[in-house]
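Trainee: Could you take me slowly through one part of this protein, and show me how the pieces around that part are arranged?

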Amino acid sequence: MAKRTPRTVTGMELIVRFHELPLLVGLVILWMMLWREASLLSLVSGIVVSIVMMRVFYLPPVALAGRFNPWYALRYLGYFLWNLSRASFEVAWLAVRPGPVPMTSIIAVRLRTSSDFILTVVGLTISLIPGSLVAEVDRFGSVLYLHVLNTPSQKSITKMRHDVSTIERLLILTLGSKEEVAGVRK
């Protein structure tokens with residue numbers, strides 16, 4: 001068996017690692033947009049500030065499955081846009097209709113995924129659809145706690161849980177690992 005030699009780290013790698021380059025570029029662009037100036041000074045100062053921020057507020061790397069299914073991405077997008085428009089009309093009607101204030105609920109929805117990335121995208125998708133908002137996330141248990149508008153019956157709560165499960169399923173089929181995809185298709 002061959003011995004592995006320890007890898008040496010160059011000085012530039014200590015400052016910025018290859019997988020951090022997209023974040024660095026995004027932060028520099030944001031910095032230049034905030035200053036409303038595209039100059040050498042704003043570029044250099046943006047690089048310095050971005051590197052300092054990346055080291056002070058370190059985020060662990062996100063593990064991606066490395067696969068993308070365009071068919072399920074289109075289905076996810078269609079499902080999202082349909083629910084976005086439907087819920088917009090429902091919330092608008094609740095705002096102008098006469099009658100009592102609609103009932104709200106906090107519901108827990110357990111997800112099948114253990115991926116932080118998919119958990120985050122499911123939470124963001126749900127929060128973008130009017131009438132629902134992520135109130136809390138149990139990352140280790142893969143549970144989203146949602147504040148949901150207009151839940152007068154158990155049927156409406158069950159429908160919301162089903163909607164979240166459908167979004168998660170479509171995202172797993174779009175971006176999930178082979179193991180998660182196999183688990184969803186059972």
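Predicted model: local features only at pLDDT ≥ 70, side-chain atom pairs only at ≥ 80, totals over all residues.

Mentor: The protein has seven helices and three strands, and from the N terminus on its elements run α-α-α-α-β-α-β-β-α-α. The three strands make up an open sheet with the order β1-β3-β2 and antiparallel pairing. The edge strands are β1 (104–110) and β2 (132–138), each of which pairs on one side only, and the twist from one strand to the next averages 25°. In general, the strands of a sheet pair through backbone hydrogen bonds, in either a parallel or an antiparallel way. Here, β1 and strand β3 (residues 143–149) are joined in the antiparallel sense over seven bridges, and if you look for Ile106, you will find that its bridge partner in β3 is His147. Helix α5 (residues 116–128) packs on this sheet, where it touches β2 and β3, and the direction of α5 makes about 155° with that of β2.

For a view of a helix by itself, turn to α3 (residues 40–56), which has 17 residues and reaches 24 Å from its first C-alpha to its last, close to the 24 Å expected at 1.5 Å a residue. Ser42, Gly46, Ser50, Ile51 and Met54 are buried in α3, and because these buried residues fall within an arc of 160° when seen down the axis of α3, they line one face of the helix. The face of α3 turned away from that buried side carries the exposed residues Leu40, Leu41 and Val56.

Conventions
Residues numbered from 1 in each chain as written. Heavy atoms only, no water. Helix = DSSP H or I, 4+ residues; strand = E, 2+ residues; numbered from the N terminus. Expected span 1.5 Å × (residues − 1). Buried < 20%, exposed > 50% of the residue type's maximum accessible area, 1.4 Å probe, protein only. Arc of directions from axis to C-beta. Pairing = 2+ DSSP bridges. Axes fitted to C-alpha atoms, helices over the stretch in contact; angles between N-to-C directions. Contact = heavy atoms within 4.5 Å.
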